[in-house]
Structure formats: structure tokens, C-alpha cells
Amino acid sequence: MTRRSWWASAVAIVLAVALAGPTAPALAKQVGSPQAPTDVTATVVDGGVRVAWTPPSDAGSAITHYVVHAGQGSCPVTVGADATSAVMPVVQGQRRITPRVQAVNAAGYSPDAKAAGSVNVKGRANRDFTNLQVLEFSDFHGAVDDTAGTIGAATLVS
């Protein structure tokens, strides 16, 4: 369980106990992590792998974005809440990948929704693409949420 998920669960429990009435289960559901997207498909296209999905029918609270990835060693892509597909780049050395999609809301991440099968991407990597590992971001001065001029900590965490 991620730290964000743990805090969201703790808040839901405290609110449910404090309210202890018929609205408590509904409130706990509203602050929970979203359900996973469904119907995930993957197709090799120029520039990578197009991953498409159906948004979850019951997100609990509003979905803020989706994260598309293929597990360790892949290059995750973050797209907005209204997206239903994304092109994920192929990393040098990958042979077969199984794309996954996670819905994200203020309370956390959904479980992985995997494509039905793996996709052969051998030799499809873009040689101009460089995989970069970011070790640290700092000096936010309280920039937790996105604004018109900044990317907030919540987006960077994803």
C-alpha cells in the first residue's frame, strides 16, 4: 500500500467512525481510490504502442489522470482525466510488453488494468528516445496542486 493510499484509508476510517451513521459507508466510498479501467487494448503504431481503455464506471471521487505503463523498465505516460488512450514509447531492449493502465484520483491509484495479452515490440524502439531516471525534485514552496504556471507535487509523484 502506498503512503498516499494509506493516508486515504486512514481518513476514510476516521470519517466513518466520526459520523457513525447511515452516510458513513457512502462517505468512505467517496474518498477511496478509483476502480481500475476496463477493456484495455494495445496496438503497435508508429512511435510506440497505442493503449486504449474504458474509464471505470464508479471512480469514488473524480479521476484526475491516468498512468499508462508496462511495468518495471517501461516509460510511464501520464494523461488527463478525459483521455481514453495514449501512445506509450518503446524503450530500447524491450521485446514483449503487457501494457497497464491505472486511474488516479485524490485518494490514490487504482489496481493495474492489464491488456489481454503481451505485445511484440522487438526492434520498435525509437533510437532518439532516452529513458531518464529522475532522482529528486525539490524546492516546491508548497506547490502541491497544479496551477496554470506550475506542475504540482501530486502530478510529479505519478
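This report describes the predicted model of one protein, from its overall make-up to a few residues and pairs.

## Basis and overall make-up

The structure is a predicted model, in which local features need pLDDT of at least 70 and side-chain atom pairs count only at pLDDT 80 or more, while totals for chains, interfaces and linings use all residues. Residues are numbered from 1 along each chain as its sequence is written, and side-chain values use heavy atoms, with hydrogens and water left out.

The mean pLDDT of the protein (the predictor's confidence in each residue, from 0 to 100) is 76, and 70% of the residues reach 70 or more. Over residues 21-29 the pLDDT is below 50, and beyond near neighbours in sequence this stretch has six contacts in the model, a contact meaning heavy atoms within 4.5 Å. Where pLDDT is low, the predicted coordinates should not be read in detail.

The secondary structure comes to three helices and 10 strands, where helices (H or I, at least four residues) and strands (E, at least two) are DSSP runs numbered from the N terminus. From the N terminus on, the order of the elements is α-α-β-β-β-β-β-β-β-β-β-β-α. Of the 158 residues, 30% count as buried; buried means under 20% relative accessible area, exposed means over 50%, and partly exposed lies in between, with a 1.4 Å probe and protein chains only. Among contacts with a separation of 6 or more, 58% are accounted for by residues 24 or more positions apart.

## Strand E2 and its partners

Two strands pair if DSSP finds at least two bridges between them. Strand E1 (residues 38-45) pairs with E2 in the antiparallel sense over six bridges, and Thr41 stands opposite Ala52 in E2. The two strands E1 and E2 form a hairpin with two residues between them, and Gly47 in the turn has a positive phi of about 95°. E2 is also joined to E5 by four bridges, the two strands running antiparallel, with Val51 opposite Ala86 in E5.

Thr54 belongs to strand E2 (residues 48-54). Leaving aside neighbours within four places in sequence, Thr54 is in contact with Pro37, Thr38 and Asp39. The C-alpha atoms of Thr54 and Pro37 are separated by 5.6 Å, although these residues are 17 residues apart along the chain. The side chain of Thr54 also makes a polar contact with the side chain of Asp39 at 3.2 Å; a polar contact is a pair of N or O atoms within 3.5 Å, of which, within protein, one must be able to donate a hydrogen and the other to accept it, and residues adjacent in sequence count only if both atoms are side-chain atoms.

## An aromatic pair and a salt bridge

A search of the whole structure finds one aromatic pair. The rings of Trp53 and Tyr66 have their centres 5.2 Å apart and their planes at 50°, so the pair is tilted. In this definition, rings of Phe, Tyr and Trp (its six-membered ring) pair if their centres lie within 6.5 Å, and planes under 30 degrees apart count as stacked, over 60 as edge-to-face and the rest as tilted. The pair links distant parts of the chain, with Trp53 in strand E2 and Tyr66 in strand E3 (residues 63-69), 13 residues apart. Both Trp53 and Tyr66 are buried.

Side chains of opposite charge can pair when their charged atoms come close. A salt bridge is a side-chain nitrogen of Lys or Arg within 4 Å of a carboxyl oxygen of Asp or Glu, and by this rule the count comes to one. Arg100 forms a salt bridge with Asp112, the closest N and O atoms being 3.5 Å apart. This pair, too, links distant parts of the chain, with Arg100 in strand E7 and Asp112 in the loop between strand E8 (108-109) and strand E9 (113-114), 12 residues apart.

## Accessibility of selected residues

| Residue | Class | Relative accessible area |
|---|---|---|
| Thr54 | partly exposed | 33% |
| Ala81 | partly exposed | 35% |
| Gln94 | buried | 14% |
| Asn105 | buried | 1% |
| Asp112 | partly exposed | 33% |

Ala81 sits in the loop between strand E4 (77-80) and strand E5 (85-88), and, not counting residues up to four places away in sequence, Ala81 touches Ile63, Thr64, His65 and Tyr66. Gln94 lies in the loop between E5 and strand E6 (96-97); with the same exclusion of residues up to four places away in sequence, Gln94 touches Gly73, Ser74, Pro89, Val121 and Lys122. Asn105 is part of strand E7 (residues 100-105), and a polar atom of the Asn105 side chain lies 2.8 Å from the backbone nitrogen of Ala107.
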